[in-house]
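Please open the structure in a viewer and keep the selection tool at hand.

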Amino acid sequence: MAKELTGVLVTKDKVEVITIEDKLDEFYRILECECIDITQIMLNGYVLDVVIDDEGLLKEDNFITYSDANRILVGNILVVKHNGPDLVSLNDDEIQAVIN
C-alpha cells in the first residue's frame, strides 16, 4: 500500500486540502493530465514542491496558477514538499501559507 500524501490542490475553480495515495496514477487523476513534472517555489518563507501538468503550457484555455520573476505555472497544481527524494505532506502552517 502506498503512503498517503496531504497537500493543497489548486484548480481553476477551487483551492482545497486533499489527501491521496503517493502514486503516479493518483497525480494524473487529480491533475487531469498524462505527464507530470515537479518544481519548487518559495512561498512565505517555505520551500515547497509543486506537482504540475508537464504539458500544461500546450493546452488551450489553461489558466495561470502561479507566477514569479522566473516562471509561470499553468493549470491544476498540487503543492506538497519533500524530504530527501520523497514527497511528503504539508504541515498545518504550510497549508495555511498556500491557502492564503
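This is a predicted model: local features need pLDDT of at least 70, side-chain atom pairs count only at pLDDT 80 or more; totals for chains, interfaces and linings use all residues.

Residues are numbered from 1 along each chain as its sequence is written, and side-chain values use heavy atoms, with hydrogens and water left out.

**Stop 1: the largest pocket**

Select Val-10, Val-15, Ile-41, Leu-43, Leu-48, Thr-65, Tyr-66, Ile-77, Val-79, Ala-97, Val-98 and Asn-100, which line the largest pocket. On a 1 Å grid over the protein atoms alone, a pocket is an open set of points where a 1.4 Å probe fits, with protein on both sides within 12 Å along at least five of seven lines; lining residues have an atom within 4 Å of a point. The volume of the largest pocket is about 160 Å³, a volume being the space filled by probe spheres set on the points, which are joined across faces, edges and corners.

Which elements each supply at least two residues of this lining? They are strand E3 (36-43), strand E5 (64-67), strand E7 (77-83) and H2. Helices (H or I, at least four residues) and strands (E, at least two) are DSSP runs, numbered from the N terminus. Coloured by class, the lining shows 10 nonpolar residues, two polar and no charged ones. Here Ala, Val, Leu, Ile, Met, Phe, Trp, Tyr, Cys and Pro count as nonpolar, Asp, Glu, Lys and Arg as charged, and the others, Gly among them, as polar.

**Stop 2: a nonpolar patch**

Next select Val-15, Val-17 and Ile-99, which make a nonpolar surface patch of about 230 Å². Patches consist of residues with over 30% relative accessible area and no salt bridge, nonpolar side chains (Val, Leu, Ile, Met, Phe, Trp, Tyr) being joined within 5 Å and like charges within 9 Å. Accessible areas come from the Shrake-Rupley method with a 1.4 Å probe, and for residues only the protein chains shown count as cover. Ile-99 belongs to helix H2 (residues 92-99) and is partly exposed, at a relative accessible area of 38%. Buried means under 20% relative accessible area, exposed over 50%, and partly exposed in between (1.4 Å probe, protein chains only).

**Stop 3: salt bridges**

The structure holds six salt bridges, each a side-chain nitrogen of Lys or Arg within 4 Å of a carboxyl oxygen of Asp or Glu. Select Asp-22 and Lys-3, whose side chains meet in one of them (3.7 Å, N to O). Asp-22 lies in the loop between strand E2 (15-21) and helix H1 (24-31) and Lys-3 in the segment before strand E1 (4-10), so the pair ties together parts that are 19 residues apart in sequence.

Is Asp-53 buried or exposed? Asp-53 counts as buried, at 7% relative accessibility, while Lys-59 is partly exposed at 34%.

**Stop 4: two loop residues**

Finally, select Asn-44, in the loop between E3 and strand E4 (46-53). Its phi is near 50 degrees, a positive value in a residue other than glycine. Asp-61, in the loop between E4 and E5, has a positive phi of about 60 degrees, although Asp-61 is not a glycine. Most residues other than glycine have a negative phi. Asn-44 counts as exposed at 57% relative accessibility, and Asp-61 counts as exposed at 69%.
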